[in-house]
Amino acid sequence: MTRTVFVNGQYLPEDQATVSVFDRGFLMADGVYEVVSVLDGKLLDFDGHMRRLARSLDALEIAHPMSDADWLAAHRRLVAENGVTDGLVYLQVTRGNPGDRDFAYPPAGTAPTVVMFTQSKPGLADNPQAATGLRVVTVPDIRWHRRDIKTVQLLYPSMAKMEAKARGADDAWMVEDGFVTEGTSNNAYIVKGGAIVTRALSNDILHGITRAAVLRFAREAQMTVEERSFTVDEAKAADEAFITSASAFVMPVVAIDEAAVGTGAPGPVARRLREIYLEESRHTAI
Ligand code: PDD
């Protein structure tokens, strides 16, 4: 089936949608994005994603191309037109098309480019990997130092993902100064003695929308949460490990650099948080 995608206010068949070769997103990775998950045709954590989009745009001084109401309408129309029950909506905003290549930003008033598309993933919440868990390897974190901005500069995370696959693993955790920053496209956690440990918010990591929700639910369920950095050795000696993201929700990690974490099987804290997150998020989805 040909998808309907959104480009600069128009809904078009994917094979008729185009962006200029001079677009700053294409030439300079000068753009930001969001990924909102869809369950039962509804959007999860939509307001959180809109807040982070605004923050990313402001950090890069890219004009806001649409109101939150327009974003919501566009998300809903794409979900409906593409018949998405479970899946994702991807949106990207770039600094637009200045008509040529130049390191300097284009003049104020140059329209940002907006692209949106859906990815249908039937059974997204029943991913069998939740029962087996992920195996991760560690790689150095050599990304730039504004990882809190959700830019489309994803080459290094892609390289890290490929290295993970080459080493027989599912994903990579990035490490800086001995401490885990985050996964290639997710936030990283360990559980020790019942406490959930995850790196504190700073420019070193993306401020995950799923992270915010999961930590809120954990605290509401009287679980202990420690927002602090942890080392690779501490992670290998943990009782459990897991990751969170809009597309994976809460996903257990069962091995780090081939060392089994805990029993080597998904642990009860990750399992419980996944249940709570899915239940609460479905409840508040719009
Ligand atoms: N990735 N850290 C990084 C580096 C990420 O790319 C992501 C999300 C997260 C988790 O953020 P959230 O919970 O808001 O999804 C953390 C998305 C899913 C992606 O690139 O596809």
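Is Val 21 buried or exposed? Val 21 is exposed, its relative accessible area being 53%. The legends below describe close-up views of a predicted model.

**View 1. A nonpolar surface patch that includes Val 21.**

**View 2. Helix H3 (residues 68-81) and its buried face.** Helix H3 contains 14 residues, and the distance from its first C-alpha to its last is 20 Å, close to the 20 Å expected at 1.5 Å a residue. The buried residues of H3 are Trp 71, Leu 72, Ala 74, His 75, Leu 78 and Val 79. Viewed along the axis of H3, these buried residues lie within an arc of 165 degrees, so they line one face of the helix. The face turned away from this buried side bears the exposed residues Ala 69 and Ala 80. Just after H3, Gly 83 adopts a positive phi of about 60 degrees.

View 3. Side chains of opposite charge can pair when their charged atoms come close. A search of the whole structure finds 22 salt bridges.

**View 4. The salt bridge between Glu 234 and Arg 228.** An N to O distance of 2.8 Å separates the paired side chains of Glu 234 and Arg 228. Glu 234 has a relative accessible area of 28% and is partly exposed. Arg 228 also counts as partly exposed, at 30% relative accessibility.

**View 5. Helix H8 (residues 268-284), with a salt bridge between Glu 275 and Arg 272.** The 17 residues of H8 should span 24 Å at 1.5 Å a residue, and this agrees with the 24 Å between its end C-alpha atoms. Buried positions in H8 are Val 269, Ala 270, Leu 273, Arg 274, Ile 276, Tyr 277, Leu 278 and Ser 281. The side chains of Glu 275 and Arg 272 meet in a salt bridge at 3.2 Å, N to O. Because Glu 275 and Arg 272 are 3 residues apart in H8, about one helical turn separates them. Both residues are partly exposed: Glu 275 has a relative accessible area of 42%, and Arg 272 has a relative accessibility of 41%. Elsewhere, salt bridges with shared partners join Asp 141, Arg 143, Arg 147, Glu 176 and Glu 182 into one network.

**View 6. The largest nonpolar core, with 28 residues.** Within this core, the residues with the most contacts are Leu 39, Ile 196, Phe 242, Phe 249, Leu 273 and Tyr 277. At least two core residues come from each of strand S3 (31-39), strand S5 (87-94), strand S10 (187-192), helix H6 (209-220), strand S14 (249-256) and H8. H8 supplies the largest share, 6 residues. Leu 273 and Tyr 277 are also among the buried residues of H8.

**View 7. Gln 222 and Asp 257, two residues with positive phi.** Most residues other than glycine have a negative phi. Gln 222, although not a glycine, has a positive phi of about 65 degrees. Gln 222 is located in the loop between H6 and strand S12 (224-227), and is exposed with a relative accessible area of 70%. Asp 257, also not a glycine, has a positive phi of about 50 degrees. The loop between S14 and strand S15 (259-260) contains Asp 257, which is partly exposed with a relative accessible area of 24%.

Note on methods. Residues numbered from 1 in each chain as written. Predicted model: local features only at pLDDT ≥ 70, side-chain atom pairs only at ≥ 80, totals over all residues. Heavy atoms only, no water. Patch = residues over 30% accessible without salt bridge, like charges linked within 9 Å, V, L, I, M, F, W, Y side chains within 5 Å. Areas by Shrake-Rupley, 256 points an atom, 1.4 Å probe, with all protein chains shown as cover. Salt bridge = Lys/Arg side-chain N within 4 Å of Asp/Glu carboxyl O. Buried < 20%, exposed > 50% of the residue type's maximum accessible area, 1.4 Å probe, protein only. Helix = DSSP H or I, 4+ residues; strand = E, 2+ residues; numbered from the N terminus. Expected span 1.5 Å × (residues − 1). Arc of directions from axis to C-beta. Core = buried A, V, L, I, M, F, W, Y, C linked by side-chain atoms within 4.5 Å.
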